[in-house]
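This report sets out selected features of the structure shown below, beginning with a pocket and ending with a sheet.

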Amino acid sequence: MEHDSHRAVSHLLTLGGDERIVPAHADGTNKYHSSPFPRQTVTYASSTANDISAAAFDHLAGFVAHNAIGPEMGGADYARHLAAVRERLARAYSLPSGTDIAFSASGTDLEYIALQAFAGRAGGGIHNVLLGADEVGSGCILSAHGQYFAAQTALGVPTTKGTPVPGLAPVSLTEISVRNGFGDAFDSGVIVAGMRSEIERALANDQFPLLHVVHGSKTGLILPHLDDIDALIARYGDGIGFVVDACQARITSAAIAAYLTRGAVVLLTGSKFMGGAPFSGFALVPQPIAARIAPLGEGMATIFRRAELPEGWPGADQLPDSGNSGLTVRLEAALFELERFQALPFSDVARIIELFRAASLDLVERIGGTRVLPYPVGDRDQAGSHPIEMRTLTTIDLSGEGQAIDFDGATAIQMEMMRDKVRLGQPVKCARFQGLEMAGKVRGTLRVGISMPQIVTLAGMPGVDAGQALAQDMDAIASAFDKALQEIPQQ
């Protein structure tokens, strides 16, 4: 009976998303090689996608049985479940009163919520200013442009990738780089200068400037700083809007509140640092922004179900009144991980994060890499004062002398390491080679990221044991890396 219930949970975790969620490999994993069932692996892939933890999986078995959740779910049951999730999220993050919460089947879909939140503010539509296109999800570039990003939506509606979502305000998109060609992050002031230029251009074209903030990019950057955001607000008031890409969920409750009180929409997912199974997302919309929501565009009915958007949003009653059992259980898994993480004393969280940071930096040296800094060189929030949530991710540059591994090589190494049951985050494009021999090629990286469930597990161990467990995992990663180097043709 237990075997049947666990099989049912695994099946539900693969439902109600776009094509990225379905099993794509013989071992039952999806395109990101994450599984809808627990596995005995050494996994530090929270920057890309997790396997579900054994504790969350067991919790879901009871949750599914108690609530009689099957592949088909009615709209009323779905609305009831999401109402409870909204209340629990508000408590877990101590959200400001009146914060609206919208749900989506992936972080990529959340960009549509951000566009909708600021639709109708200007006759010429929205000018969306994206930060670091290489350090956000590739699909987000399309969705932030108001376009479909996959062959079908989570509702199963066939679409053509790159075509506009009907009814969304006209959207133009520009991108501001967050790193230079050497891989060094730009200072917040440089980013804001670029934003000011785009704001002025948008206002001249009767467009509403929507500015992206990154709180935890693929390499852990936080840009721009709050004081620089405040300066933009002081100058332009509600003539501009902000959306915070915190989809990695490497963000504290205090940071969320700081953004919401400034009128920014905050985007998070439950499948990265939070540790839930992919895919799930939720957008936090501050009350003053929610009060001005324009009527939903017709294309929103191809992407969202009625219960996923707040009741008071005009036009929400025109969305399909159906349920999504897959998203229901994925959100439950994410909440399970978030609530037990938030229940930890901060001292325990800080202790484990420091142990991870030290162990991962030792790993960088062992495999002959260099650390990609998650802050601008010389930044005032650098080194030990960098926010603690960003110390949960270490990005390793593999392009040093003697290795010179490019992006394709790093991808091959990451894939080969999985044969030894070691999973790290996907390589990210953050710098290019400067020498003539490999000019133009993107430098190879690997990302080592811890997750909420791993921190919870380690926090339950005595300090020495937690340190030893992390050291053993880093040993396994180093061994798998060395073995992969022998298997991959040298460049």
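The second largest pocket has a volume of about 650 Å³. A pocket is here an open set of points on a 1 Å grid over the protein atoms alone, where a 1.4 Å probe fits, with protein on both sides within 12 Å along at least five of seven lines; lining residues have an atom within 4 Å of a point. Grid points are joined across faces, edges and corners, and the volume is the space filled by probe spheres set on the points. The model is predicted: local features need pLDDT of at least 70 and side-chain atom pairs count only at pLDDT 80 or more, while totals for chains, interfaces and linings use all residues. Residues are numbered from 1 along each chain as its sequence is written, and side-chain values use heavy atoms, with hydrogens and water left out.

**Pocket lining**

Of the 23 residues that line the second largest pocket, R39, T41, T43, S53 and Q454 lie nearest its centre. Two or more lining residues come from each of β1, α2, α13 (452-459) and α14. Helix α13 gives the largest share of this lining, four residues. Helices (H or I, at least four residues) and strands (E, at least two) are DSSP runs, numbered from the N terminus.

**Salt bridges**

Side chains of opposite charge can pair when their charged atoms come close. A salt bridge is defined as a side-chain nitrogen of Lys or Arg within 4 Å of a carboxyl oxygen of Asp or Glu, and by this rule the count comes to 19.

| Pair | N to O distance |
|---|---|
| D51 and R39 | 3.1 Å |
| R88 and E332 | 2.9 Å |
| E200 and R235 | 3.7 Å |

For accessibility, buried means under 20% relative accessible area, exposed over 50%, and partly exposed in between (1.4 Å probe, protein chains only). D51 is buried at 11%, whereas R39 is partly exposed at 26%.

In the pair of R88 and E332, both side chains belong to helices: R88 to α3 (residues 75-93) and E332 to α10 (residues 325-342), 244 residues apart. R88 is buried at 18%, and E332 is buried at 5%.

E200 in helix α6 (residues 188-204) and R235 in helix α7 (residues 226-236) are 35 residues apart. E200 is partly exposed at 38%, and R235 is exposed at 53%. Through shared partners, salt bridges also join D27, R39, D51 and R423 into one network.

**Nonpolar cores**

A nonpolar core is a set of buried Ala, Val, Leu, Ile, Met, Phe, Trp, Tyr and Cys residues joined through side-chain atoms within 4.5 Å. The largest has 107 residues, and those with the most contacts inside it are Y44, L268, F282, M417 and I477. Helix α14 (residues 463-487) supplies the largest share of this core, 10 residues. Apart from it lies another core, of 35 residues, including Y148, V171, F208 and C247.

**Sheet**

Strands β10, β11 and β13 form an open antiparallel sheet in that order. Its edge strands, β10 (370-371) and β13 (445-449), each pair on one side only. Strands pair if DSSP finds at least two bridges between them; two bridges join β10 to β11 (residues 393-397), and R371 stands opposite I396 in β11.
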